[in-house]
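Welcome, and please take a moment to look over the structure shown below. The briefing after it goes topic by topic.

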Amino acid sequence: MTAVHESLMTIEEFEELARAADRIAEGVRLEFIDGKLGAKAVPDGDHSRIIQWLIRIFLTARPDLFLTPEQGLQIDRYRKGRARPDGVLADADAFVGQGEWADPSPVLMAVEVTSDYQDTERRDRQENPRAYADTGIPIYLLIDRDTCEIIVHSDPRESRYARVLTVPFGATVQLPDPVNITLNTEPLKDWVR
């Protein structure tokens, strides 16, 4: 018999808790993935620099798109979760008029950069790929500072990505359609832990 996982709180309760956390503790970023409450670490300087690097690349290579840092998204099957990726790539006006937790349908790529928190393995390498694939986000880009690798997940099918490409920092990697740009990852060598 398979155990049924039941959430301890509703989406509405989570959103209220996330708003309270924003008011009370600067830098606390809460997420609600697969019925589980999680807190993301405050980014360090190298983490922030990686996001800046990506923003600059996309402004140059794809000026029709913008990499929005920390945009809250409704994720998971039937939108029962809430995530705040380190960055989401979409049309520059994709989130205009939306609240804190936006519809993910315009998102072409979600980006995560590993941080110094104990659940990176579970969150960035296991839960996020499942949640983003299940949501239909075409590409999940993980910049893994622990392993010094770029992992490109693409071709979402239900709760997983059918294609996963892993390359070391310093390699050139092609991000597939609908992003369709080439990343030279050499600069990432300067921002490892």
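Which residues are linked with R125 in a network of salt bridges? They are D144 and D146, which join R125 in that network. This is a predicted model, in which local features need pLDDT of at least 70 and side-chain atom pairs count only at pLDDT 80 or more, while totals for chains, interfaces and linings use all residues. Residues are numbered from 1 along each chain as its sequence is written, and side-chain values use heavy atoms, with hydrogens and water left out.

**The chain as a whole**

- The protein chain holds 3 helices and 13 strands; helices (H or I, at least four residues) and strands (E, at least two) are DSSP runs, numbered from the N terminus.
- Of the 193 residues in the protein chain, 48% are buried. Here buried means under 20% relative accessible area, exposed means over 50%, and partly exposed lies in between, with a 1.4 Å probe and protein chains only.
- The accessible surface of the protein chain is about 9800 Å², and carbon and sulfur atoms account for 50% of that surface. Such areas come from the Shrake-Rupley method with a 1.4 Å probe, and for residues only the protein chains shown count as cover.
- Taking contacts between residues at least 6 apart in sequence, 52% join residues at least 24 apart; a contact means heavy atoms within 4.5 Å.

**The open sheet**

- An open sheet is built from 6 strands with mixed pairing, and their order is β3-β6-β8-β9-β10-β11. Two strands pair if DSSP finds at least two bridges between them.
- The edges belong to β3 (65-69) and β11 (160-168); each has a single partner strand, so one side of each has no neighbour in the sheet.
- From one strand to the next, the twist averages 20 degrees. Axes for such angles are lines fitted to C-alpha atoms, for helices over the stretch in contact, and the angles run from 0 to 180 degrees between N-to-C directions.
- In a regular strand the side chains alternate between the two faces of the sheet.

**Strand partners and hairpins**

- β3 and β6 (residues 87-91) run antiparallel and are joined by 5 bridges. Across this pair, T68 stands opposite V88 in β6.
- Strands β9 (residues 139-144) and β10 (residues 149-157) also run antiparallel, with 6 bridges between them. I143 has I150 in β10 as its bridge partner.
- The hairpin of β9 and β10 has 4 residues between the strands, and C148 takes a positive phi near 55 degrees there.
- 8 bridges pair β10 with β11 in the antiparallel sense, and R157 faces R160 in β11.
- In the hairpin of β10 and β11, 2 residues sit between the strands, and E158 has a positive phi near 55 degrees.

**Salt bridges**

- The count of salt bridges comes to 6, where a salt bridge is a side-chain nitrogen of Lys or Arg within 4 Å of a carboxyl oxygen of Asp or Glu.
- D64 and R62 meet through their side chains in one of these, at 2.8 Å from N to O. D64 is partly exposed at 39% relative accessible area, whereas R62 counts as buried at 18%.
- R84 and E100 form another salt bridge, with their closest N and O atoms 2.6 Å apart. R84 lies in the loop between β5 (81-83) and β6, and E100 in the loop between β6 and β7 (101-102), so this pair ties together parts that are 16 residues apart in sequence. R84 is buried at 10% relative accessibility, while E100 is partly exposed at 28%.
- Between D144 and R125, the closest N and O atoms of the salt bridge are 2.7 Å apart. D144 is in strand β9 and R125 in helix α3 (residues 120-135), so the pair ties together parts that are 19 residues apart in sequence. D144 is buried, with a relative accessible area of 2%, and R125 is partly exposed, with 26%.

**A look around F58**

- F58 is part of helix α2 (residues 45-61) and counts as buried, at 1% relative accessibility.
- Leaving aside residues up to four places away in sequence, F58 touches P63, L67, L89, M109, L175, V179 and I181.
- F58 and V179 are 121 residues apart along the chain, and their C-alpha atoms are separated by 9.5 Å.
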